[in-house]
Amino acid sequence: MQLDNLYQEVILDHYKNPQNKELASDNDAQVHHVNPSCGDEVTLGVKLDGEKIASINWDGVGCSISQASTSIMTDLLIGKTLTEASEISEKFLHLMQSKGSEEGDADALEDAVALAGVSKYPARIKCALLGWMAFKDASVQAHSAKEN
Amino acid sequence: MSFDPVAIRRDFPIFDRTIRDGKRLVYLDSGATSQKPQVVIDAEVDFYRLHNAAVHRGAHQLAEEATDIYEGARQSVAAFIGADIDEVIFTKSATESLNLISYAMGNAPTGNRFHLKAGDAIVVTEMEHHANLIPWQQLAARTGASLSWFEVTPEGRLDLSKIDSVITEKTKVVALTHQSNVLGTINPLEAIIARAHEVGAVIVLDACQSVPHMAVDVKDLGVDFLTFSGHKVLGPTGVGIFWGRSELLAELPPFLTGGSMIETVTMTGATWAPAPRKFEAGVPNMAQAAGLAAAVKYISNIGIENVHAHEVLLTKYLLEKMSEIEALRIVGPTNTDSRGGSISFTFGDIHPHDLGQFLDSQGIAVRTGHHCAWPLNRKMGVPATTRASLYLYNTLEDCDALIAGINDAQKYFGR
Ligand SMILES: Cc1ncc(COP(=O)(O)O)c(C=O)c1O
């Protein structure tokens, strides 16, 4: 079934066992993002260690795509530098906009390539990007908080 | 004439197509927008093909024909809802109608019965669609009036137990929905109207989810203003109705100003044409009005009572079948007493978005999310729901497909 491209095993696993889904109290920045068309919400915090991402932690409610994507993203980006993280995020964004024509760079995106199928369902792309956009926002805030 | 949804489906060309690799279309999203019968599509196309001209303006045959069609459409809609012709105003949507009245009230000068100021109150309910909530929030913010509301009970009914403290001597307007687009609840109006009129307030009824599905007679209801959208009642998008009692329309200031809505104009001022023209500035949505007229005539030929009875039958069937599914929780009344065919539910751990996606893969179209009623979702303790909404072209087969789809989704996501 074509739907299986969307709901890959990895996604359902992350949905059932979300990673880093517990908000920390000592984040450098914390943001709250919503998807106003469906009500999905994510609260996400970032802690930096110099240029390195020491922690991404979050809480939220939403569909399997938004929750799994956020979970996968945290696994992928924790421990990376901000520059590496933004390169990976760009690749993910590009994959989401590919309308099903690309498989994604598995070396860079790892588990996140499982979300490639989302790009064929325009209404779900926002779900997949919710956590990533929250991370982008939080990391910029955390970075400038550290600089000041 | 016996009611035959299968024959009715043949009037709707969209049911000739298939969904997601050849599946039969099971359309259960009429609460968002209805499908269109061929007669509606033809009416809109014929207007452009044969009669197109600006109404009320040209001194030529086409302008005459266009005006006849447009004013004829007004008459058809008036007949459909039991209104006087000049009380029926064409807008672009229910959303525009509700902005029309709230902005018009905001424009009312001191001394006008619609004038609002600090100390006055606006009353809504917790089950309003955003379209009948935000315009009133904004009016309250602009005028200093307060906003209060009827609460919703856990069963999804309006809590009228505190009616006398919700609607008070300060209340100037009570705006509420006739039927909830989420819960399906049909609200009891009598007590609310009586109380509102006792304190001199006007009643604005959002009839978006009632006019398409049951007999609505504005005079029998006793409300003061009413609105609905054409596209939910088999008509085209881009046309809605705003109805008001004529003596009230005479006093209500205009919202949009410009061409066609004036009586006289000088370089420094203008006076208004009487209703309905006062509220129809600019060249109107003529082809869409023609389409809406075809829609209400189509329904009248079938009989709105028959449509309603059919929907009650399907709703009862679905509610029963759903109650047999263990993890399924209906958000709203679980029987058909004062209830329409909009059924929202949650289903175990499966998020509505995922359930909706699975159903879509089976050719079943439902709506998922908060259905433009975010505060209501919060009140009911659900971040989002899946909603199946029924109409005259739905069949028991559609209901069975939904039930099968829900059960299959459990297997699919439980793997
Ligand atoms: C109860 C209710 N009110 C208002 C609206 C707004 O209608 P429209 O979007 O056509 O203006 C809707 C439609 O979604 C509705 O269901």
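Does B:Cys208 count as buried or exposed, and at what relative accessibility? The close-up views below, taken from a predicted model, take up this residue after the surroundings of the ligand.

**View 1. The shell of residues around the ligand.** In this predicted model, 13 residues surround the ligand, and the closest of them are B:Thr95, B:Asp206, B:Ser229, B:His231 and B:Lys232. Sorted by class, this shell consists of 8 polar residues, 3 nonpolar residues and 2 charged residues.

**View 2. Cysteines of chain A.** Over all chains, a search of the whole structure finds 0 disulfides. A:Cys63 accordingly belongs to no disulfide, and the nearest cysteine sulfur, which is that of A:Cys127, lies 3.9 Å away, whereas a disulfide would need the two sulfur atoms to be within 2.5 Å. A:Cys63 counts as buried because its relative accessibility is 0%, and the cut-off for buried is under 20%.

**View 3. A cysteine of chain B.** B:Cys208 is in no disulfide either, and its nearest cysteine sulfur, that of B:Cys372, is 11 Å away. As for the opening question, B:Cys208 counts as buried because its relative accessibility is 8%, which is under the 20% cut-off.

Technical notes:
Residues are numbered from 1 along each chain as its sequence is written. Chains are lettered from A and ligands numbered from 1 in the order in which they are written. This is a predicted model: local features need pLDDT of at least 70, side-chain atom pairs count only at pLDDT 80 or more; totals for chains, interfaces and linings use all residues. Side-chain values use heavy atoms; hydrogens and water are left out. A residue is near a molecule or strand if one of its heavy atoms lies within 4 Å of it. Ala, Val, Leu, Ile, Met, Phe, Trp, Tyr, Cys and Pro count as nonpolar, Asp, Glu, Lys and Arg as charged, and the others, Gly among them, as polar. Buried means under 20% relative accessible area, exposed over 50%, partly exposed in between (1.4 Å probe, protein chains only).
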